[in-house]
Amino acid sequence: MISYIIKRAMQSVVVLLAVGLVAFGMFRFVGDPIDNMLGQERTDADVERLRELLGLNDPFIVQYWDFLTGAIQGDMGVSFRQGRPALDIILERLPATLELATVSAVFAMVMGILLGIYTAINRKGFVTTTILTTSLIGVSLPTFLIGILLIYIFAVELGWLPSFGRGDVVDFGWWTTGLTSWGGIKSLILPAITLGLYQMTLIMRLVRSEMSEILRQDYIRFARARGLTEKTINFRHAVKNTLIPVITVAGLQIGSIIAFSIITETVFQWPGVGLLFIDSVQFVDIPVMASYLMLISVMFVGINFIVDMLYLAIDPRLRDGKEG
Amino acid sequence: MLKKISMSTMAILLASTSFAAAETVNWARAGDSLTMDPHAQNEGSTHTLAHQIYEPLLIRDMTGKIVPALATEWGPSKDNPNVWSFKLREGVKFHDGADFDSEDVVFSFERAMTPDSDMKELLSSIKAVRTNGKYGFEIETKGPNPIMPSNLTNLFILDKGWAEANKTVKVQDFEGGEETFASRNANGTGPYVLVSRAPDSKTELKAFDNYWGKGEFPLHITKINYTPIKNAATRVAALLSGEVDFVQDVPVQDLSRVDSDPKLKVIKAPQNRVIFLGLNQGDADLSTDNVEGKNPFADVRVRKAMRMAINRDAIMKVVMRGQSIPAGVAMPPFVNGWTKELDMVPAADIAAAKAMMAEAGYGDGFSATLHCPNDRYINDEAICQAVVGMFAQIGITVNLDAKPKAQHFPQITNLTTDFYMLGWGVPTYDSEYIFNFLVHTKGDKRGSWNASRFSNADIDAKIVSLASETDLDKRNATIADIWKTVQDEVLYLPIHHQVLNWGMAEKIDTVVDPEDQAKFKYFKLK
């Protein structure tokens, strides 16, 4: 069992190193950072001096090694764009992304489950058809278009909600939140819907099909025969059994919510890590890009590692050390 | 009924809030300032924000004219043409209350001349700077520099005491791994004080109570909220919904939408930026064409034919929706040396161009690759697509290779392109600046953006002579002379001058700055 854990941990480290290597191999195709760093008036001598200073003349393996040795000591390099430590910038931006991702995940879960249950119980009818048809929009339209449409309707035409930014933000030093003020909450609504719409549709359709399946099961029929009310049957027996696969899928979707946030953040000028990443790609800000990719891969690898450990706890066969 | 009441209450509420906040301007553009350190980046958006907080000795007003800022008088000294002397403004305070004097100016110049500074190229002709009393300042140059003032309009002055107290004497660099104090904080003499700043998110400025220019400038705006909004559609939406009052970059396809809104207006002016194509005319053979052993661009007849093949009016009407000024010379119209004759747009004449191609021995045409940016200039990729079609008419098959600017521009500086698009702005408003970077033979000191491989020792000597020629008439004659060669040799294929489109609330009254530098002290509110 210990060997299993160690093996998994080693695999995670290898995955991280591989991600970093691929990322560094790709940076050379993103462009030349010098071009953005020096103004129009630079001379060729300036270019050469800065290139040497930043180690951009080294082979990418050497650059990657320098990054790794720095990263182990907690130094992720200095942003080419802002001239500040890359890690500081990312940590400063992370709360905005996590807040947006959490709110949209909650929105997707709650709305998805509620609408899924409703459409499963009322299989026909105008409301159900409308929900199902509009939910198709959620899966088929690209995120940026949904964002622009929502901005057009709710910000430009109706003027109810802000079209960009985070509104009023309270800073606790280590965390920033927009949830404490009405302005901040208002700013969160459109981006959260845009980001969560796809996941909401997915969960809704999953709940609907699962629950339709379950409502046909024998034990539901027996429950009905026992004379239980429809409410008890639906919510005490059916829903509970529906939710097991839903939770598995929803867990997997959290990662993609954070990944999708790049587009949503760009459309709404949401000051999170996704927008930071796009800005960094355009500027060829290698330290920030590398730190962001490492952070995201640490997160994904971490989630996978925890899932593996949970399997270990659940599945006794893995505990004998004969997992193969 | 209830709904009606609440709607009208809301309207009243909205009206009253906009009245109370009448002196606040919410300002947006695509990119944020990169740093608050005024010597760390020589870049447009960074300078624009710095201009509200810091001040140079001399400044260009919103029409591009040089006017006094921290210096009241200046000129070359009578007995020594290598010395420029400046009389500094008295009674000026920094935002933290410190007094401004010549020590601060010497400090700031010396700071801007260090290797980490991005402003050092503009000061490369300076040998030494020194004080001349509390309110006197002198610059000694290596040779006479007749256009010194135009190099100083973005050179901001810091307080020496503040920089020393906050250990920010050095310009922000990328070696130390630590940010300098000046990259996040600011203490200038300018009309606005930095209140708070979250990079890429929001910067708040408020009027400086002890500003020396009170009474001299309108200073109607008392509070500025600056938000970069990257996505063009969102930026326009924010302007239409009234969340933003002033947008510096309205995309051309949305101009009529903004202008048709009764609460908004769009004002336009030619920008100090010209867009053109460069050709590798120096190499014996090209790597991107299909002609073996020869370089078709080396033949001036081919270049002339290509100049004739570009239909600049069509590009202006179709691609730019009227928002450009067709150009005949690779020089913005504000620049010393510009004449109407030089900027005469060559008529598109396909028949004549074809005849010239045949005369040059390329009657059957050839193929070449055009490199283009796709995120730098207004509709850059679309312009390239249009010229590809135009060159096809004279038999030149152009393969278009459009890339983001971070990949496009290194091709120009590393000489890995034979045919490329480039745009050029001239912050000094003088032809010498264009010649230094685009015409002089590429070398360590000059010609860093000249990928045409054009090299002419005679022209190089003339360009170098401009730097120290104090007889302005003689200097202008040399400039005209160089331009004649550039035009005769078809060094570049000019396309157009860009037009700036500023969208703003009806209440704002300003003109468009040709360098896209909004200076809010000049803004009036109705």
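Author: Two strands count as a pair if DSSP finds at least two bridges between them. Keep that rule in hand. Remember too that this is a predicted model.

Start with strand 1 of chain B, residues 24-29. It has a parallel partner in strand 11 of chain B, residues 246-247. The two are joined by 2 bridges. Under the rule of at least two bridges, they count as a pair. Look across from Trp27(B): Phe246(B) of strand 11 of chain B stands opposite.

Strand 1 of chain B also pairs with strand 10 of chain B, residues 223-228. Here there are 6 bridges, again in the parallel sense. Find Arg29(B) and look across to strand 10 of chain B: the bridge partner is Pro228(B).

Is strand 1 enclosed or open? Of its 6 residues, 5 are buried, so the rest of the structure largely encloses strand 1 of chain B. Buried here means that 20 or more other C-beta atoms lie within 10 Å of the residue's own.

Now go to another sheet in chain B. It is open, has 4 strands and runs in the order 4-5-7-6. Its pairing is antiparallel. Strand 4 (71-76) and strand 6 (126-131) of chain B are the edges, each pairing on one side only. Neighbouring strands in this sheet are turned against each other by 15 degrees on average, direction ignored.

Look inside that sheet. Strand 5 (residues 83-88) and strand 7 (residues 136-141) of chain B run antiparallel, joined by 5 bridges. One place to check is Val83(B), whose bridge partner in strand 7 of chain B is Glu140(B).

Next, two helices. Helix 12 (residues 431-439) and helix 13 (residues 457-466) of chain B have axes 10 Å apart and pack at an angle of about 140 degrees. That angle makes helix 12 of chain B oblique to helix 13 of chain B. The crossing is left-handed. Helix 12 of chain B brings Glu432(B), Phe435(B), Asn436(B) and Val439(B) to the contact. Helix 13 of chain B brings Ile459(B), Ile463(B) and Leu466(B). By class, that contact has 5 nonpolar, 1 polar and 1 charged residues.

Then a loop. Gly282(B) sits between strand 12 (264-279) and helix 7 (300-309) of chain B. It has 17 other C-beta atoms within 10 Å, so Gly282(B) is partly exposed. Beyond its neighbours within four places in sequence, Gly282(B) touches Ser452(B), Arg453(B), Phe454(B) and Ser455(B). Asn295(B) is 13 residues from Gly282(B) in sequence and 8.4 Å away, C-alpha to C-alpha.

Last, chain A. It has 13 helices and 2 strands. Of its 324 residues, 39% count as buried. Its C-alpha trace spans about 85 × 65 × 35 Å along the principal axes. Where the chains meet, 41 residues come from chain B and 44 residues from chain A. Helix 5 (232-240) and helix 11 (405-413) of chain B each give two or more residues to that side. The chain B side has 15 nonpolar, 14 polar and 12 charged residues.

Conventions. Residues are numbered from 1 along each chain as its sequence is written. Chains are lettered from A and ligands numbered from 1 in the order in which they are written. This is a predicted model: local features need pLDDT of at least 70, side-chain atom pairs count only at pLDDT 80 or more; totals for chains, interfaces and linings use all residues. Two residues are in contact if their C-beta atoms, placed from the backbone, lie within 7 Å. Ala, Val, Leu, Ile, Met, Phe, Trp, Tyr, Cys and Pro count as nonpolar, Asp, Glu, Lys and Arg as charged, and the others, Gly among them, as polar. A residue is buried if 20 or more other C-beta atoms lie within 10 Å of its own, exposed if 12 or fewer, and partly exposed in between; C-beta atoms are placed from the backbone. Axes are lines fitted to C-alpha atoms, for helices over the stretch in contact, and angles run from 0 to 180 degrees between N-to-C directions. Angles under 35 degrees count as roughly parallel, over 145 as roughly antiparallel, 65 to 115 as roughly perpendicular and the rest as oblique. A crossing is left-handed if the near helix is turned anticlockwise from the far one by less than a right angle, and right-handed if clockwise.
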